[in-house]
Amino acid sequence: MSWVDVAGAAELPDSAPLPVDLDGLALLVVRCGEEIYAIDDVCTHDGEPLAGAAVEACEIVCPRHGARFCLRTGEALTPPAYEPLRTYGVRIESGRVLVERPQD
Ligand code: FES
C-alpha cells in the first residue's frame, strides 16, 4: 500500500471539495470538521463529476439531481443514485494529507 501527498491539511477549507488527480483518477478530498475524506469525483447516477457539489453534515450532494452520499462510507443515501461512491484511505502526516493509492 502506498500513499500520495495531495495537500496541506491546513489548506483544506471545511466542506469545500478539493479536486485531486491521483495517477489519472479524479478524486475529491473533503474536510468535514476534524475528519478528511477522499472519494471518487464521479456521481454514480450519471458517471459525471461531482464538481460544484455542496457538502452538508458530512454528506456530499450531487449538483445535478441532488443525490446525497456519505463521505465516510460512500453510501448512496438518496435517489436517484443507488450505487456507492468509491472511498479511499486518508491519513494526516506532518500536516500533510495523504491518500491511499488504489491497488487496482
Ligand atoms: S447526476 Fe448525480 S444525482 Fe443525478
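I39 sits opposite T87 of strand β8, and that pair is a handy way into the strand pairing of this predicted model. Strands here are DSSP runs of E with at least two residues, numbered from the N terminus, and two of them pair if DSSP finds at least two bridges between them. Residue numbers start from 1 along each chain as its sequence is written. Since we're looking at a prediction, local features need pLDDT of at least 70 and side-chain atom pairs count only at pLDDT 80 or more, while totals for chains, interfaces and linings use all residues.

**Around β4**

- Strand β8 covers residues 87–88 and pairs with β4 in the antiparallel sense, over 2 bridges.
- β4 (residues 35–40) also runs antiparallel to β3 (residues 25–32), with 6 bridges joining them.
- Across that pairing, R31 has I36 of β4 opposite it.
- The β3 and β4 hairpin has 2 residues between its strands, and G33 takes a positive phi near 65 degrees there.

**The open sheet**

- Three strands make up an open sheet in the order β1-β10-β9, with antiparallel pairing.
- β1 (2–8) and β9 (90–93) are at the edges with a single partner strand each, so one side of each has no neighbour in the sheet.
- On average, neighbouring strands of this sheet are turned by 35 degrees against each other, direction ignored; the axes are lines fitted to C-alpha atoms, and angles run from 0 to 180 degrees between N-to-C directions.
- β1 and β10 (residues 96–101) run antiparallel and are joined by 6 bridges.
- G8 has R96 in β10 as its bridge partner.

Key. Helices (H or I, at least four residues) and strands (E, at least two) are DSSP runs, numbered from the N terminus.
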